[in-house]
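Take the points in order, or jump to whichever pair interests you.

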Amino acid sequence: MPISTRFTIWRPLATALAATAALLATFLAPATAQAQTAPRESRPVYSYENAVREAVWVDTRLDGDGDGKSDRVAVDIVRPREPARKGLKVPVIMDASPYYSCCGRGNESQLKTYDANGHVVQMPLFYDNYFVPRGYAFVGVDLAGTNRSDGCVDVGGRSDIQSAKAVVDWLNGRATAYTTRTGTHKTKADWTNGRTGMIGKSWDGTIANGVAATGVQGLKTIVPISAISTWYDYYFSQGAPLYDSGPDWLSDYVDSPAARAKCAAVQQKLVDQAPRTGDRTPLWTERDYVKDARKVKASVFLVHGMQDLNVRLQHVGPWWDALAKNGVQRKIWLSQTGHVDPFDFRRGQWVDTLHRWFDHELLGYDNGIDREPMADIERHPDQWVTSKSWPPRGTSATTLRPAQGTQPGVGTLGLTKDKGTETFTDDPALSETDWAARIDTPTPDKAGFTTGTLTKDLRLSGPSKVTVTATPTTSTAHLSAVLVDLGPDTIRDYAAGGEGITTLTNRTCWGVSTTGDSACFKETRAKTAAVDYTVVSRGWADLGTYADAGKGVPLTPGRAYTITLDLGATDHVVPTGHRLALIVAGTDKDLIDPPSTRPTLTIDLARTSARVPLVGGAAAFALATKGARTAVPQEAGALDGVRAPRTAHRVPEGG
């Protein structure tokens with residue numbers, strides 16, 4: 001549903017700000033004009049240098065570290081001084097993170113720094129520099145077990161989420177905070193109206209998702225950037241392990257020294273209840289925010305890179321659809337980058353859009369953002385298009401069928417079901433780039449199927465599903481399914497170190513600086529690659545989960561099994577003159593771990609298909625492939641793409 005039909009304007013604060021208008025008249029406009037015009041944009045009229053900087057410790061009512069005392073989480077606050085003097089209350093922008101002391105935030109890995117009194121001097125990122133002068137408070141929360149907080153990191157579980165939820169409760173007068181970590185002097189958030197927006201990239205954005213899924217009152221909007229929606233899908237894909245470690249390693253990575261000394265029991269729980277078998281246990285159920293989407297009251301502005309191989313696109317589709325089903329107000333940006341913050345790939349537009357979003361959601365300004373398109377999508381590096389709704393109306397899942405070609409493993413893709421089989425042997429040394437590079441060449445490690453050369457553009461928008469019926473020769477097998485756009489293009493080089501960006505030396509400034517906290521950040525530009533193909537979407541599964549996605553079983557060699565793989569959401573146009581390909585193979589090197597055996601798999605083509613979200617559906621596919629020329633299999637040579645994916649990430653961080 002278009003975003004414009006789901007927004008409501010919050011009026012009471014806009015009314016209350018009429019009093020503020022007189023105060024700000026000398027800064028903004030003549031008094032007569034100000035009285036006649038409702039505010040549409042917050043302006044930097046407050047002093048950042050003289051802002052209040054304070055720290056409080058909020059009681060989470062949990063004892064995660066088992067020391068017999070309720071855990072307190074550290075909350076660093078930067079807020080404008082002037083509103084409180086006039087009896088005015090301000091909204092809050094919050095970033096709750098485990099990275100403020102161990103790893104850093106943003107492209108420059110900034111850490112919190114403090115003065116001799118323990119008050120924050122440098123708050124990472126630009127949010128405080130930019131928004132505090134505009135009448136917002138910024139709050140940086142150390143998750144339990146990190147930096148100056150008590151407790152233990154439990155990697156997306158109750159402790160992580162309660163760390164931030166308790167702060168939202170305190171901002172709304174429902175929780176207790178203290179002026180010191182161990183003292184008894186209480187303090188109230190009497191300077192805020194409680195209206196809170198959470199923002200953050202990766203783990204930080206994940207916390208925003210999780211807190212929103214509690215339905216906490218006072219949380220009005222969240223802006224999750226490259227964020228996790230269910231932690232099982234961070235470590236596994238339908239039973240296939242994505243990393244060679246579990247959440248215990250990640251917890252230890254960010255725990256403070258004090259937490260490491262106290263949190264052995266939590267660490268052991270993360271080992272015992274998250275087995276590397278890939279079975280879904282109650283630990284993963286607790287960390288699944290999608291199932292609680294019905295509780296979400298906050299609006300959601302979601303940002304994700306369509307080539308993010310850290311927090312993969314499987315985290316977008318189910319969360320987005322669940323929010324839509326429950327009537328949540330939504331907006332989305334999809335870039336060509338990997339795991340990158342929009343501040344580093346579309347800076348000026350991002351700051352402006354985020355400013356308008358918070359003004360609308362937290363200040364109630366009628367600035368028109370609710371009447372703009374729901375989706376912004378990067379088609380080519382730095383070239384963006386919009387979509388009124390996402391996926392656009394007219395998008396429908398279209399069933400595409402693989403068929404045999406003239407050579408083994410080099411088949412066709414169309415609307416007609418075919419008979420026959422294709423066979424490949426899992427080679428853990430190869431990846432999706434190897435398969436795609438030799439899509440037109442028979443190789444023993446994959447089965448590939450392509451359309452003819454398209455005569456019209458074909459747009460995919462949303463997640464795909466690939467159903468495979470395969471007979472293995474061993475008791476274990478992993479499967480990969482990949483959709484590929486075959487044709488020359490220039491794309492962001494998401495496989496390079498910057499995941500689609502190059503960091504420059506010059507800086508631009510976004511807000512007000514102080515001696516200890518600069519608002520100036522290094523500029524970036526797109527890092528591009530000229531390619532012959534582009535991987536559009538991917539999915540992976542352990543064939544042993546064919547009957548139950550939550551539990552794998554040994555396979556019987558020689559028996560056929562049918563399984564459906566969920567591919568990540570995307571929005572991609574396969575242009576005229578290109579081809580669309582489906583590849584089915586085994587281990588996708590560095591993106592999933594291999595099985596314990598090396599199976600050969602035979603695919604039954606009559607019972608194998610891809611459900612692809614096409615704008616215009618089957619009719620659009622038929623039109624785009626009408627009169628298409630069939631590719632001639634090649635005996636030698638390989639197509640150029642980005643380099644093979646790097647060794648898999650184990651840390652959902654943004655620094």
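1. Let's begin with Cys152, which counts as buried at 2% relative accessibility. Its partner is Cys263, and the sulfur atoms of Cys152 and Cys263 are 1.9 Å apart, forming a disulfide. Cys263 also counts as buried, at 2% relative accessibility. Please keep in mind that this is a predicted model.

2. Where do Cys152 and Cys263 sit in the chain? Cys152 is in the loop between strand 6 (137–142) and helix 6 (158–171), while Cys263 is in the loop between helix 10 (257–262) and helix 11 (264–272). The pair links distant parts of the chain, 111 residues apart. As for handedness, the torsion about the S-S bond of Cys152 and Cys263 is about -90°, so this disulfide is left-handed.

3. Next, have a look at Cys509 and Cys520, which form a disulfide with their sulfur atoms 1.9 Å apart. Cys509 belongs to strand 24 (residues 501–509) and Cys520 to strand 25 (residues 520–526), so the bond ties together parts that are 11 residues apart in sequence. Is the Cys509–Cys520 disulfide left-handed or right-handed? The torsion about its S-S bond is about 95°, so the disulfide is right-handed.

4. Cys509 is partly exposed, with a relative accessible area of 48%, whereas Cys520 counts as buried at 18% relative accessibility.

5. Cys102 is partly exposed, at a relative accessible area of 34%, and Cys103 is buried, at 15%.

6. To finish, the overall pattern. How many disulfides does the model contain? The count comes to 3 disulfides, by the rule that the cysteine sulfur atoms lie within 2.5 Å. With bonded cysteines counted along the chain, the disulfides follow the pattern 1-2, 3-4, 5-6.

How values were computed. Residues numbered from 1 in each chain as written. Predicted model: local features only at pLDDT ≥ 70, side-chain atom pairs only at ≥ 80, totals over all residues. Heavy atoms only, no water. Buried < 20%, exposed > 50% of the residue type's maximum accessible area, 1.4 Å probe, protein only. Helix = DSSP H or I, 4+ residues; strand = E, 2+ residues; numbered from the N terminus.
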